[in-house]
4 protein chains.
Amino acid sequence: MTESKPLRVGMVGYSFMGAAHSHAWRTAPRFFDLPLTPHLAAVAGRNEEAVWAAATKYGWDSVETDWRRLIERDDIDLIDICTPGNTHAEIAIAALEAGKHVLCEKPLANSVAEAEKMTAVAEAAAARGVLSMCGFSYRRTPALALAKRMVDDGRLGQIRHVRAQYLQDWLSDADAPLTWRMDKSKSGSGSLGDIGAHSIDAAQWITGLNISGVSALMETFVNERPVGGDFVGLGGRGGTDGPKGPVTVDDAALFTARFEAPDDAGAAGGLGGAGSGSAGSPVSSGTTPSGPIGIFEATRFALGRKNAMRLELNGTKGSIAFDFEDMNSLQFYESSLEPDAGFRKIMVTEPSHPYTGNWWPTGHGLGYEHGFTHQVVDLVTAIGAGEQPSPSFADALQVQKVLAAVEASAENSSRWQTV
Amino acid sequence: MTESKPLRVGMVGYSFMGAAHSHAWRTAPRFFDLPLTPHLAAVAGRNEEAVWAAATKYGWDSVETDWRRLIERDDIDLIDICTPGNTHAEIAIAALEAGKHVLCEKPLANSVAEAEKMTAVAEAAAARGVLSMCGFSYRRTPALALAKRMVDDGRLGQIRHVRAQYLQDWLSDADAPLTWRMDKSKSGSGSLGDIGAHSIDAAQWITGLNISGVSALMETFVNERPVGGDFVGLGGRGGTDGPKGPVTVDDAALFTARFEAPDDAGAAGGLGGAGSGSAGSPVSSGTTPSGPIGIFEATRFALGRKNAMRLELNGTKGSIAFDFEDMNSLQFYESSLEPDAGFRKIMVTEPSHPYTGNWWPTGHGLGYEHGFTHQVVDLVTAIGAGEQPSPSFADALQVQKVLAAVEASAENSSRWQTV
Amino acid sequence: MTESKPLRVGMVGYSFMGAAHSHAWRTAPRFFDLPLTPHLAAVAGRNEEAVWAAATKYGWDSVETDWRRLIERDDIDLIDICTPGNTHAEIAIAALEAGKHVLCEKPLANSVAEAEKMTAVAEAAAARGVLSMCGFSYRRTPALALAKRMVDDGRLGQIRHVRAQYLQDWLSDADAPLTWRMDKSKSGSGSLGDIGAHSIDAAQWITGLNISGVSALMETFVNERPVGGDFVGLGGRGGTDGPKGPVTVDDAALFTARFEAPDDAGAAGGLGGAGSGSAGSPVSSGTTPSGPIGIFEATRFALGRKNAMRLELNGTKGSIAFDFEDMNSLQFYESSLEPDAGFRKIMVTEPSHPYTGNWWPTGHGLGYEHGFTHQVVDLVTAIGAGEQPSPSFADALQVQKVLAAVEASAENSSRWQTV
Amino acid sequence: MTESKPLRVGMVGYSFMGAAHSHAWRTAPRFFDLPLTPHLAAVAGRNEEAVWAAATKYGWDSVETDWRRLIERDDIDLIDICTPGNTHAEIAIAALEAGKHVLCEKPLANSVAEAEKMTAVAEAAAARGVLSMCGFSYRRTPALALAKRMVDDGRLGQIRHVRAQYLQDWLSDADAPLTWRMDKSKSGSGSLGDIGAHSIDAAQWITGLNISGVSALMETFVNERPVGGDFVGLGGRGGTDGPKGPVTVDDAALFTARFEAPDDAGAAGGLGGAGSGSAGSPVSSGTTPSGPIGIFEATRFALGRKNAMRLELNGTKGSIAFDFEDMNSLQFYESSLEPDAGFRKIMVTEPSHPYTGNWWPTGHGLGYEHGFTHQVVDLVTAIGAGEQPSPSFADALQVQKVLAAVEASAENSSRWQTV
């Protein structure tokens with residue numbers, strides 16, 4: 001009846017992400033064997049009444065009204081950053097320098113410069129045994145983790161096509177109220193960083209290949225929105241007669257991309273001979289071994305699409321397709337089976353599948369929040385082993401560079417932009 | 001920062017259902033406002049070492065090795081029964097008579113006689129303010145709760161067809177090991193009571209109509225199975241060379257059914273004029289107002305179907321269709337829209353949908369376990385209000401009568417059997 | 001530039017089925033190499049003006065106003081019967097006795113007695129080289145033909161479950177007009193013979209096993225309907241104020257079934273040991289090797305389902321599932337692939353698939369009418385080779401016996417009825 | 001029993017498209033009332049033996065071995081051009097100048113210059129009553145025609161997003177043989193013109209808006225392929241040891257796009273206020289009323305996707321989504337219905353739907369070839385009425401300009417290219 005050694009967590013921020021993280025810290029040890037047992041030690045927020053309400057609701061033992069105080073406390077081992085992107089760098093750097101492990105929500109920062117500084121600090125901290133991770137939680141969706149395993153096992157052969165969409169519709173109503181997610185100074189960007197970043201991270205992680213260049217188009221459909229409306233979920237409903245404020249981020253971001261070539265792209269069994277030329281050009285030069293080509297779209301205006309985070313990869317031997325709106329399954333195609341093999345809809349709930357064996361019997365699906373629980377499992381396991389968790393700040397910096405390249409290309413007549 | 005008054009829970013049993021219930025007691029107050037706050041006070045099981053391990057894992061404060069002791073304790077308000085069906089009656093009756101509220105897993109009992117006795121005791125207890133509920137958790141799947149709301153709102157008109165399948169495949173392998181679920185003395189029946197009972201309860205609850213008669217066929221495909229194999233999830237893998245024991249339950253149960261007529265079946269806008277005759281006959285007599293006809297199948301041998309709890313209703317104005325393998329959506333058809341209206345796939349994750357507003361933003365789906373959390377929410381809310389929770393033991397008794405009628409018909413050449 | 005020897009066709013009837021058959025006779029030789037070239041020689045119908053209009057529209061060379069005259073003509077080689085079921089026996093017998101090959105629409109007849117007589121005549125005619133076939137055209141849907149191939153190749157192992165639904169909704173509106181399809185004297189039965197017969201034939205053909213017993217429930221939801229309304233497609237719209245006539249057939253038919261055991265059911269690799277007892281009992285006796293169990297539903301009141309002819313088979317090694325509403329694909333599950341293998345959605349448009357290689361490139365789907373064209377291909381090929389086409393009248397007689405057993409059981413309190 | 005006046009057709013080319021067109025000419029008058037009755041008068045091809053075989057197979061009355069001779073004949077009213085793109089201009093211009101109506105397969109030509117010349121000739125011919133049409137047959141898929149009707153009826157509101165994919169996989173195998181479709185001198189381009197052209201035409205036609213600018217990336221994955229292999233369907237299988245020849249076209253084409261603004265884009269109910277700036281820039285300027293943004297992908301390397309011609313539009317009031325692999329249905333979302341309305345899967349087989357009332361009862365789907373039959377119906381109807389058929393050569397020229405802009409952008413570092 002003994003628990004493992006505690007891991008005392010201090011969380012900054014307590015809205016949507018805070019609720020999800022709280023549940024994950026509380027639930028992970030109930031279903032997984034962990035080397036350290038998370039304690040929900042303290043939550044920080046500026047409004048004392050609200051932060052106490054959150055602490056009570058979500059089960060935190062204490063509160064702070066200044067995140068700096070949280071970092072000063074001796075009884076905190078890890079800082080969990082759930083605030084908007086403009087605050088990430090300062091908090092994460094302070095925490096790491098104070099010797100606290102860090103879990104930081106995505107995107108890592110609001111600029112490449114910030115992300116580079118954070119990564120440098122994180123790498124220095126790691127040398128002292130202080131670890132950090134960025135919260136690209138979709139990596140922990142069992143179906144996407146299975147996709148990664150299949151690619152690693154070579155079942156798709158070499159990847160030729162990456163096709164990613166992240167479609168939502170909660171801003172489609174022009175009267176949905178203005179929130180910090182539409183304020184560039186807080187969020188860094190709009191759909192691009194909020195949801196497109198997930199697609200970019202998933203695509204790079206699953207293929208094992210970085211994006212090397214992009215060409216982009218961005219659009220803001222609704223330039224101003226009501227202020228002061230009720231906030232419901234991500235969106236909500238503002239008044240139509242009241243004052244309006246400016247939307248300073250993109251509503252939609254579209255881009256084409258090239259990925260770096262895999263190490264063995266020129267070998268037999270590769271893409272077949274052609275090539276994409278240098279990373280700086282979208283035109284195939286014909287001789288250099290090439291990596292996949294990609295097409296990405298992120299929008300919050302695709303009416304009827306609620307959380308369609310979709311990813312499809314086509315390789316020389318097989319394909320996978322995923323849609324978060326049907327998150328418990330993965331579509332898989334193997335050309336070797338027979339003509340036409342057909343896409344298989346794998347229900348990713350088997351004991352042999354990533355994470356799922358710790359939950360329910362086969363066919364009893366999981367939900368959105370489980371990705372956060374699995375994220376805690378992987379983070380705590382890495383901390384227990386003294387190993388670098390994944391994705392590292394360096395991985396997240398690479399995503400940040402792609403975001404920056406997308407914005408640069410869109411501002412420069414869609415011209416090809418090297419990452 | 002004050003919590004509501006505690007509701008001290010004692011749980012009997014701690015395997016699959018115990019894990020699900022523990023999570024629900026722990027999680028419900030973190031997402032819903034409850035009039036009482038569940039405390040995981042004690043868990044009971046015969047093996048002291050195992051029950052302590054479960055208590056630690058799932059977060060219970062204490063243990064008992066005899067469920068009777070749990071009932072004797074003054075610091076327990078509610079008994080949660082998660083054991084096989086042959087033990088339900090004794091535990092539930094003792095608990096209710098000791099003044100404890102009861103949540104009892106389904107099916108309520110292993111016979112109608114037991115269920116009738118339990119219901120009588122429950123009704124007497126209710127008069128004293130001691131409440132009880134049977135754990136047909138699928139009622140708390142948001143999509144099925146939305147289906148219920150749509151039927152209640154008249155959007156389907158009068159129901160003509162009920163089409164229910166509960167398809168699993170974990171016993172398809174003839175070498176899957178023998179467990180208590182294949183032992184009639186413990187489980188009462190096989191697929192019929194284990195999963196078919198969910199279909200029966202859901203169909204009666206959503207239509208608001210009881211099944212009045214059935215004709216059935218049952219089958220056992222694999223008559224003996226290895227004993228002593230490892231248990232994984234519901235099934236697992238036994239040895240192929242070791243000793244075998246007898247399977248004493250059905251592997252599959254199929255039946256047709258008639259439902260009682262709704263009160264307004266003879267009125268304008270009803271089924272159109274025809275009729276089904278008396279409940280004792282499957283043949284339509286042509287004059288009596290009729291209720292829906294139903295077709296049910298429950299099996300654990302439908303290879304490839306993992307947890308396909310499916311329900312379709314066709315009414316005079318519309319239809320709904322549900323499949324638990326895609327549990328976050330409900331298919332809905334309204335003939336009034338336009339030809340062909342088409343089935344709409346409603347993503348049941350809106351703030352206005354049952355239960356979902358307390359969780360994540362739209363499109364961020366829930367999982368299997370949430371049904372148990374919602375069950376706790378509804379139970380605690382009812383207890384707080386001093387009202388009868390639903391489904392009552394009486395509701396569960398009605399399901400038990402259908403189960404018995406199915407077995408009686410199958411044993412009597414499928415002859416029509418009044419419920 | 002020579003065509004093959006002609007096969008001169010005389011068709012009786014020219015409404016829905018007549019249009020489909022005309023297209024098939026005209027189209028088959030344009031896509032398939034046939035040993036005989038169909039000529040659309042003559043069409044027969046009672047109304048001279050209408051039959052001339054049909055002949056012009058559908059491309060027939062001449063007309064007759066009495067089908068007997070068609071049979072008398074020397075320049076007709078084959079009689080194609082597209083009239084209601086009450087006329088099949090007389091026409092088919094006269095044609096076969098006159099030495100004409102016969103293609104007869106399904107169901108073969110309106111009674112077992114008629115079907116037996118037709119079968120006897122057909123077998124006698126076959127001995128003289130005069131061939132006959134019943135038009136269960138769904139056998140020629142490429143996806144179902146592929147299903148048959150897979151079962152024959154042993155890829156499903158032994159079949160345990162047959163699950164068949166045929167769901168339409170064109171009678172759901174109580175004001176849809178009365179037509180011959182609702183008149184038992186013409187159609188023999190309602191949804192049972194019209195659409196349920198397709199399910200029965202497909203299930204027996206694909207499994208290679210006959211149904212040996214059934215238990216049934218039938219229902220008529222709307223007992224009378226407007227007469228004289230406009231006929232559109234299968235249904236249409238009658239007046240609501242005019243006179244009404246009686247519906248004398250079933251609107252829906254539901255039944256459970258047992259199939260005969262395969263020859264090798266007792267061998268290793270069989271169903272696993274259990275057994276279903278004699279065909280006369282729905283209860284498993286536990287020792288006799290058993291065949292599959294089946295569940296069937298046919299209705300024209302499933303609002304929103306337009307032509308959902310669905311069939312699912314679960315075997316010891318795999319499963320297949322089909323829905324005519326997505327007719328160009330077949331779902332296939334093989335348990336050997338990996339856990340969870342997942343159902344594959346095979347697009348049945350490959351050159352290696354049945355029939356499809358003669359049409360378009362892969363992925364370019366076929367439609368409803370192609371089943372009739374393939375039926376012509378198979379019939380003409382058999383006639384050219386002097387071999388018995390399939391399904392024979394004997395095959396269709398077996399379906400007729402199941403239809404009769406279903407009706408007998410429904411009239412006898414659902415009691416088990418041996419076929 | 002009289003047919004309408006004949007329309008005598010002479011077809012050039014007789015492979016894949018020739019087979020499809022022959023079937024359409026033959027079938028259209030059997031299901032639709034036409035003002036002129038097509039006669040399959042003559043087919044032209046260089047190889048006399050092969051062209052006679054095709055004439056016999058497909059039912060043409062005579063042959064020519066030089067298309068010029070076909071145009072000289074007095075007994076030909078319409079020339080149907082089914083040859084590769086490099087021959088379109090010469091044949092079409094000669095035919096129009098000889099006073100023959102013309103149906104020309106897509107893409108209209110292999111260059112904008114050719115297409116402009118053809119369009120000028122076509123417009124001059126139209127003034128003399130000689131009509132022409134380009135064969136973008138997907139416009140005649142009932143589901144896409146219904147989509148067009150819905151957009152025209154305002155049910156989507158103003159369109160914000162166009163999302164088009166055309167995914168095939170028949171070139172994924174690096175040993176698939178070289179054919180004229182991979183030879184730029186014959187085909188003009190690869191996946192871009194072959195399949196991407198369909199997406200472009202459909203998107204412009206349904207939205208009623210032209211594409212005004214693009215940014216593109218193109219790729220050739222397999223630079224050389226076996227020559228002389230067997231040709232099966234679109235692809236086939238070459239030898240792996242024999243000689244190889246160069247692939248001179250794109251294997252995949254990806255681009256982002258902007259559409260022109262609708263006339264009422266600035267009015268109330270428009271996109272909401274934002275704007276896209278001038279057509280020459282992918283960056284939103286913030287004040288000018290804007291049209292939709294688009295994202296397009298065409299590839300023949302998406303393993304497992306057989307003919308996934310997909311189109312999704314998101315507007316201010318609703319969305320539609322289509323996939324040719326499920327061609328008989330259209331997904332439709334109306335935000336006004338209720339939260340969440342859900343996408344409706346409309347089975348496009350109702351009498352009220354475009355084209356379908358002339359075929360089979362509801363739910364009995366159509367196939368690929370029906371688009372060609374409907375194309376004949378619309379063309380013959382327009383000729384009968386003396387009206388311009390749609391799409392005109394001018395419409396096809398607009399597609400050609402987009403194809404050229406895509407290629408120009410891909411060759412210029414993806415830089416934004418005005419159409």
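1. A polar contact here is a pair of N or O atoms within 3.5 Å; within protein, one must be able to donate a hydrogen and the other to accept it, and sequence neighbours count only if both atoms are side-chain atoms. By that rule, 12 residue pairs (both at pLDDT 80 or more) are in polar contact across the interface of chain B and chain D.

2. Some housekeeping: this is a predicted model, with local features needing pLDDT of at least 70 and side-chain atom pairs pLDDT 80 or more, while totals for chains, interfaces and linings use all residues. Residues are numbered from 1 along each chain as written, chains are lettered from A and ligands numbered from 1 in written order, and side-chain values use heavy atoms, without hydrogens or water.

3. On the B/D interface, 17 residues of chain B are in contact with 17 of chain D (heavy atoms within 4.5 Å). About 1200 Å² is buried between them, 41% of it from carbon and sulfur atoms (accessible area lost on being put together, 1.4 Å probe, summed over both parts). In chain B, Glu338(B), Asp340(B) and Arg344(B) lose the most area to chain D, together 42% of what that side buries.

4. The salt-bridge rule (Lys or Arg side-chain nitrogen within 4 Å of an Asp or Glu carboxyl oxygen) finds 4 across this interface. One of the salt bridges joins Arg344(D) to Glu338(B), at 2.9 Å, N to O.

Methods
Buried area is the accessible area (1.4 Å probe) that two parts lose on being put together, summed over both.
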